[in-house]
Amino acid sequence: MMIEYHIDDNFKSMWEKKILGWYSINKRNLPWRTPENQNFYRIWVSEVMLQQTKVSTVIPFYEKFIRKWPTIEHFYEANLDEILKIWEGLGYYKRAQNLFKAKELLKNKQIDISSKKLRELPGVGEYISSSISAILNDEPCVVIDGNIRRIIARVFNLNINDKKINTKIKDISIKLTPKYQNGNYCQSLMDLANLVCKSKNPECSSCPISYTCKSKGKKTISKKAKIIPIKTTVALVINFKNFFLVEKTKKDLLQNLFTFPLTNFEKNDNKNLDKYLENSVSSWMVENNVNEPYKYVGQVTHKFSHFHLKVLIVKIRLNERLKLRNFIWLTTKELKKKPISTLMLKIKKKVGC
């Protein structure tokens, strides 16, 4: 099957030489690459943070995280709220929850750094396990993420709409993975993808492997753009004096974060928002035995990975601090200490609290 890609020993040797040579001169100065950070804990945290997130966004969060918990032994003492709080604004909070679950397991388990065994940890899939083991153990395992996929697809001019595209990319990657220096090799591909073989406007003239690139800077055939659904919810900002009603939500995307009460996320055609708002607020009030007038404040939007959310915001001022099932009252000062989502920050800013 590999014959069609013309990958022989000479090709592989030249490929490796060109890429590693380029990396030795052009590699990025990233905090998790410094000598003191070359241990399982610090590489693990960086790889989890880098999932679906830009390097420039991750750096300040990573540095703050390591300052708070410099070793895995320090991290063992962290509770979930603390982890979510320091993760605040980084998004994809499931990652933070998986870090918590994984470190609870690691308290009583020997760390076996291999691409196979690391996958036993919550939140650690094939890419992260392989990347960690390649970097720390130089294991000659295949490391593939979206950046590396882009390089392989371009160099070999693959049609990414091909049903067998993932198999082809993996086959090629297996063939090209070096027996030695795999840690540097996989990081060199990451840097090459980010600095040269960018998704838009690749800088082919600076590419060390342009001599063998079959696409020659042409855009690879892109997948059809997916229609991103839009959902709607209502946020109820309910207060009594300087107390606000919040919940520790169980919603999948925001699980264990503190938020103002939110109605169910629903698809809405945007034609009857006034009616939707009235019905949603009325239903929530009946369910929670609240009977006070509300004021519409405005709306905010938020992008999740697979849908966009429109949030209609209402304020309700109570004359007494009611006891409501599954909700708690917090002062503004107390709420600032709790982990909240970027969505919650947007709502707070809109309301001015």
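## An exposed residue after a helix

Asn289 counts as exposed, with a relative accessibility of 68%; exposed means over 50% relative accessible area, buried under 20%, and partly exposed in between, computed with a 1.4 Å probe on protein chains only. Asn289 belongs to the loop between α11 and β5. Its phi is near 60°, a positive value in a residue other than glycine, and the residue comes just after α11.

The model is predicted: local features need pLDDT of at least 70 and side-chain atom pairs count only at pLDDT 80 or more, while totals for chains, interfaces and linings use all residues. Residues are numbered from 1 along each chain as its sequence is written, and side-chain values use heavy atoms, with hydrogens and water left out.

## The protein as a whole

The protein has 13 helices and seven strands. Helices (H or I, at least four residues) and strands (E, at least two) are DSSP runs, numbered from the N terminus. The C-alpha trace spans about 80 × 50 × 30 Å along its principal axes. Of the 353 residues, 48% are buried. Among contacts between residues at least 6 apart in sequence, 69% join residues at least 24 apart; a contact means heavy atoms within 4.5 Å.

The protein exposes about 19200 Å², of which carbon and sulfur atoms supply 49%. Such areas come from the Shrake-Rupley method with a 1.4 Å probe, and for residues only the protein chains shown count as cover. There are 63 positive and 33 negative side chains, and the centres of the two sets lie 5 Å apart. Here Lys and Arg count as positive and Asp and Glu as negative, without His and the chain ends; each charge is placed at NZ of Lys, CZ of Arg, CG of Asp or CD of Glu.

## Helix α11

Helix α11 covers residues 273–288, and its 16 residues should span 22 Å at 1.5 Å a residue; the end C-alpha atoms are 22 Å apart, which agrees. The expected span is 1.5 Å times one less than the number of residues.

Which residues of α11 are buried? They are Leu273, Tyr276, Leu277, Ser280, Val281, Trp284, Met285 and Asn288. These residues cover an arc of only 155° around the axis, which puts them on the same side of α11; the arc is that of the directions from the helix axis to the C-beta atoms. An α-helix has 3.6 residues a turn, so residues three or four places apart point the same way. The face turned away from the buried side of α11 carries the exposed residues Asp274, Lys275 and Val286. The cover over the buried residues of α11 includes β1 (230–240), β2 (243–248), β4 (266–267), β5 (295–303) and β6 (308–317).

## Three further residues

Asn242 is placed in the loop between β1 and β2 and is partly exposed, at 43% relative accessibility. Beyond residues up to four places away in sequence, Asn242 touches Leu330, Thr331 and Thr332. Asn242 and Thr259 are 17 residues apart in sequence and 16 Å apart in space, C-alpha to C-alpha.

Leaving aside neighbours within four places in sequence, Ser173 is in contact with Val142, Ile144 and Ile152. Gln52, in contrast, counts as exposed at 64% relative accessibility. Gln52 is found in the loop between α2 (40–50) and α3 (55–68), and has a positive phi of about 55° although it is not a glycine.
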